[in-house]
Number of protein chains: 2
Amino acid sequence: MNPDRSSPSHRLPTVPPFDSLLPSPVQAPPGPRLPALAHRMADMPPSAVREILKVAERPDILSFAGGLPAPELFPVDEIAAAHADVLREHGRSALQYSTTEGFGPLRDWIAGHLRRRGIAARPDEILITSGSQQGIDLVSRVFLDPGDVVLVESPTYLAAIQAFAAYQVRLVAVPSDDQGMQVEHLAQLIATHQPKLIYLVPSFQNPKGTTLPQARRAALNAIAADHRVAILEDDPYGELSFDGPAPRPVAADSQGNVLYAGTFSKTLAPGLRIGWLWGDAAIVRKATIAKQAADLHTATLAQRATANLLQRFDYAAHVAKICEVYRQRCQTMLGALSTHMPEGSRWVAPAGGMFVWLQLPAELDADALLPTAIARKVAFVPGSAFFVDHERRDFVRLNFSNQPPESIIEGMRRFGGVVSEALDAG
Amino acid sequence: MNPDRSSPSHRLPTVPPFDSLLPSPVQAPPGPRLPALAHRMADMPPSAVREILKVAERPDILSFAGGLPAPELFPVDEIAAAHADVLREHGRSALQYSTTEGFGPLRDWIAGHLRRRGIAARPDEILITSGSQQGIDLVSRVFLDPGDVVLVESPTYLAAIQAFAAYQVRLVAVPSDDQGMQVEHLAQLIATHQPKLIYLVPSFQNPKGTTLPQARRAALNAIAADHRVAILEDDPYGELSFDGPAPRPVAADSQGNVLYAGTFSKTLAPGLRIGWLWGDAAIVRKATIAKQAADLHTATLAQRATANLLQRFDYAAHVAKICEVYRQRCQTMLGALSTHMPEGSRWVAPAGGMFVWLQLPAELDADALLPTAIARKVAFVPGSAFFVDHERRDFVRLNFSNQPPESIIEGMRRFGGVVSEALDAG
């Protein structure tokens, strides 16, 4: 069932440094009239990022913790017009139950969009999901039994660790460098662990900001297909490229085994919860059945309004504007880090996305630093949360998309001060 | 893991009569480059109801198949105004990521609403879900390991069967009569099967239309609490009462072990996908962690718009209007059935909800009748889909909420003709 609970690669993040910040107990036992919980719940801690978000919501804190897009770039007026349009023209259909697969014209648009990115997508290969997070959950439902192995980048997206934990699988870390997953380790890891799935964020990765080179993508595709391992390509950031076009997805060269999870959360607005899953039609059909059982379908109105918006609106120009703003914010953050971080800190400039991944000097412990930082009114996510085994504690993830330049400068000044003091004290 | 695949009570509905109606293959094997599917997928057929809906969407068919509310009663203008308001006043927040628990003012309103129904609800005991279907999924995630037993009414809600199938549990049927679950069987069934959960729709049940009397509710609460069995009360229809107030929920007399899944799908609009889960705060906290992993949170905009609508709008008067229209449609259907159904047919008038449950004469097979009915341009759901073992094939579920009276009369005329002919032929 879950044969390897003692294996280090199975253990999942716990968040002791944040427990004291939380308003409610996280591990309260069931009441006296209740049955035992499912075993999977023992593996499912709350997400550190989302719990920190609650603390960091305090308006006096400059937060670089969340993976939040810039709300001032949300096309609010156009989204309002799209909702008004849809409710005026198709109100009854837009508020009724609808098919699990999703709204046809929206799937058509997404198929065209993916074709422009190089993926040979047909609308019937697309399932509308409630954000790309649900894509991770549904692919897990379709493929993963307890004890199965998933290979993930090290570090990897925190909420993917959480999503996989619900399926009681064993996560095995693939090392990564400044160009992402080190695919030369895959042959050995596949031979040893017989994984069913490789999960990765190949473009502008969360948390590292790295982008996998095309040669590595080709190698990944070849070895996974040869060994009948499915690839889940999670690509929320691919369009947020600072120079040149979005990277060619791994899925563009799929041999039938790549599932691609996309989303409008970073390019339109996350509060709509509209994402999609693309892949082999038979597998997407299975994911559709799994989604039927989970929540019937994604909100009809939000799907229709999104489709309406995409028809009335220059999506490419909008994304280009986001890229330019994020590029500037990233530059601002990199400059402020150069100014305020003590010697021995290390980071790599990302070519897109929303994050800078920073290594603290002298193996300072980022988890231990966080309470001080919160007291100084600056927040970040300690890097340990992104490692399957928490094995590194000297990294920090900094988000640059959600603060204006002046706040980024002030925030990095505060953060640099916290780090410098800790260094002096150590 | 799944110890009892051969047990009749484990087998789940397959839908052979509809396969030929479907546009796409339902059991295609994975491609040559893909790993084996998870074992749970073997237990997860597509929902017959949702597949029939696709066929019954043809405009020439009078469909009584779906569980669709009347779209002409959706408060379209008010929902449009609520979205416009929220996007004008709080556009950036309404389109941003938000907490998994849900929007505070909406949880406050729901807590007040539940208190008016007799449940001692606090806002922190409420999780906003993507429809009440997700409540079933999340409660399953929290409590159910493979091989665990869930007691369900016989017949029960089809999509609950599907939701539980994803958790590889064993469903054991509790007999029901014209007043719902026969709770006198519970002691024996609990002793024999050691269930973790009892799932039921106590008010205006789907598919039977039955309502559990208060004495049975009290007996259910007592025995479940005594044996540490959780109860999942699924209550989408409780407010749709034709005479008098909504029934007092089972959850109103919970001893800490009742989870209550509610929804605005039947009272406002299903296309918003806004439901909720109420229960013991520690369990709701667990469900919140499970939801974080599944889809992060329910759409921020839809939650805020719903909260805005509920403040601007006379919800009680709106629900009263729905009840009156549905009461009339139900009366029309009952009258038309009296006129058109051959002798030996049997049904019981429901006191609320959206369905009439009809027993065909002479043990006619409803599954076999469906293709003829579709050819005569009338659709229904064969009752077998609602039985864990498909053990009864002589029942039909008829929805009366989604057709105007004249269509109900014409539809029952067509349906009565199909049944009469089959009876004559038999």
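**Entry 1: two helices in chain A**

I began where A:Gln328, A:Arg329, A:Thr332, A:Met333, A:Ala336, A:Leu337 and A:His340 of H11(A) meet A:Pro405, A:Ile408, A:Ile409, A:Met412, A:Arg413 and A:Gly416 of H13(A). Residues are in contact here if their C-beta atoms, placed from the backbone, lie within 7 Å. Helices (H or I, at least four residues) and strands (E, at least two) are DSSP runs, numbered from the N terminus.

I noted that this is a predicted model, where local features need pLDDT of at least 70, side-chain atom pairs count only at pLDDT 80 or more, and totals for chains, interfaces and linings use all residues. Residues are numbered from 1 along each chain as its sequence is written, while chains are lettered from A and ligands numbered from 1 in the order in which they are written.

By class, I found 7 nonpolar, 4 polar and 2 charged residues in the contact of H11(A) with H13(A). Ala, Val, Leu, Ile, Met, Phe, Trp, Tyr, Cys and Pro count as nonpolar, Asp, Glu, Lys and Arg as charged, and the others, Gly among them, as polar.

Next I looked up the geometry: H11(A) and H13(A), residues 405-425, pack at an angle of about 30° with their axes 9 Å apart. That makes H11(A) roughly parallel to H13(A). Angles under 35 degrees count as roughly parallel, over 145 as roughly antiparallel, 65 to 115 as roughly perpendicular and the rest as oblique. Axes are lines fitted to C-alpha atoms, for helices over the stretch in contact, and angles run from 0 to 180 degrees between N-to-C directions.

H11(A) passes H13(A) in a right-handed crossing. A crossing is right-handed if the near helix is turned clockwise from the far one by less than a right angle, and left-handed if anticlockwise.

**Entry 2: the domains of chain A**

I read that chain A is divided into domain 1 (20-74 + 318-425) and domain 2 (76-312), with bounds from an automatic or database domain assignment. Their centres, taken over C-alpha atoms, are separated by 24 Å. In chain A, 31 residues of domain 1 are in contact with 31 residues of domain 2. Which helix gives the largest share of the domain 1 side? I found that H11(A) does, with 6 residues.

**Entry 3: a sheet in chain A**

I traced an open sheet of 4 strands in chain A, in the order S10-S11-S14-S13 with antiparallel pairing. Two strands pair if DSSP finds at least two bridges between them. The edge strands, S10(A) and S13(A), each pair on one side only. S13(A) joins S14(A) over 2 bridges, and A:Pro382 stands opposite A:Val396 in S14(A).

**Entry 4: over to chain B**

I saw that the axes of H4(B), residues 104-116, and H10(B), residues 300-312, come within 8 Å and cross at roughly 50°. That makes H4(B) oblique to H10(B), and their crossing is left-handed.

I then looked at the two chains together: 83 residues of chain B are in contact with 83 residues of chain A. The chain B side has 45 nonpolar, 21 polar and 17 charged residues.

Most residues other than glycine have a negative phi, and most peptide bonds are trans. I found a cis bond from A:Ser154 to A:Pro155, with omega near 5°, and another cis bond from A:Asn206 to A:Pro207, with omega near 15°. B:Arg273 has a positive phi, near 55°, and lies in the loop between S8 and S9 of chain B.
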